[in-house]
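Please report on the charged pairs and the ligand site of the model shown below.

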Amino acid sequence: MTTAVYPGSFDPVTLGHLDIIERTARMFDHVIVGVLQNNSKTPLFSVEERVNMVRSIISHLENVEVRSFDGLLVDFVHQCGADVVVRGLRAITDFEYELQMAQTNRVIAPDVDTIFLTTNLRYSYLSSSIVKEIASYDGDIDAFLHPDIACQVRERIRQNKEKSRA
Ligand code: PNS
């Protein structure tokens, strides 16, 4: 059985992420979406919220599960019994960071390979950070996120604004 891990922060999960998950699910028997718990960036959503958000939009994919992880990605990949990491490549600007990460991971875990899927052109410009920035200025984020996720992002940003005014 072939198992792939698709790791990320998913803060929040976008339609670009969903596209990669769906395509990966067609290529591997089993896909584990790994949601990074301990990120240096302060996330908009807790890791539990991010896991639940991804779960809520992948219920149509029977061979995909979602787990959180902390620590090294390669340790998580081993725990999952996987040997392939999948990452999406949007543009050349992603390449340097992704190559560095893939090569470092391969040095510390030679049995783990990274494969890259080029992002669907529709989402080649899309990132969670840009979506959050647009939402923070009350811009329209409906083209970038599943409707349920878009609702949660708007609500969280509204709550955060209210808190910062209080
Ligand atoms: O969605 P992101 O933020 O681009 O995902 C980055 C992620 C989670 C893949 C990366 O930060 C990661 O693997 N973190 C775990 C810690 C680790 O293994 N670091 C060494 C990688 S060279």
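## Salt bridges

The count comes to 11 salt bridges, a salt bridge being a side-chain nitrogen of Lys or Arg within 4 Å of a carboxyl oxygen of Asp or Glu. This is a predicted model: local features need pLDDT of at least 70, side-chain atom pairs count only at pLDDT 80 or more, and totals for chains, interfaces and linings use all residues. Residues are numbered from 1 along each chain as its sequence is written, and side-chain values use heavy atoms, with hydrogens and water left out.

Side chains of opposite charge can pair when their charged atoms come close.

| Pair | N to O distance |
|---|---|
| Arg23 and Asp19 | 2.9 Å |
| Arg67 and Glu65 | 3.1 Å |
| Arg158 and Glu162 | 2.8 Å |

Take Arg23 and Asp19. Both lie in helix α1 (residues 15-27). They are four residues apart, about one turn of the helix. Helices (H or I, at least four residues) and strands (E, at least two) are DSSP runs, numbered from the N terminus. Is Asp19 buried or exposed? Asp19 counts as buried, because its relative accessibility is 11%. The cut-offs are under 20% relative accessible area for buried, over 50% for exposed, and partly exposed in between (1.4 Å probe, protein chains only).

Arg67 and Glu65 meet through their side chains. Arg67 is partly exposed at 29% relative accessibility. Glu65 is partly exposed at 26%.

Arg158 and Glu162 sit in helix α6 (residues 147-165). Why are they separated by about one helical turn? The reason is spacing: they are four residues apart in the helix. Arg158 has 39% relative accessibility and counts as partly exposed. Glu162, at 43%, also counts as partly exposed. The pair belongs to a network of salt bridges that links Glu155, Arg158 and Glu162.

## The ligand site

Which residues come nearest to the ligand? Ser9, Gly71, Leu72, Leu73 and Arg87 do, of the 14 residues around it. A residue is near a molecule if one of its heavy atoms lies within 4 Å of it.

Taken alone, the ligand exposes 550 Å², and the protein buries 75% of that. These areas come from the Shrake-Rupley method with a 1.4 Å probe. Two elements give two or more residues to the shell around the ligand: β1 (3-8) and α4 (92-108). α4 gives the most, with four residues.

## A loop serine

Where is Ser127 found? Ser127 is in the loop between β5 (113-118) and α5 (128-136). Ser127 is buried, because its relative accessible area is 17%. Its side chain reaches the backbone nitrogen of Ile130 at 3.1 Å.

How values were computed
A polar contact is a pair of N or O atoms within 3.5 Å; within protein, one must be able to donate a hydrogen and the other to accept it, and residues adjacent in sequence count only if both atoms are side-chain atoms.
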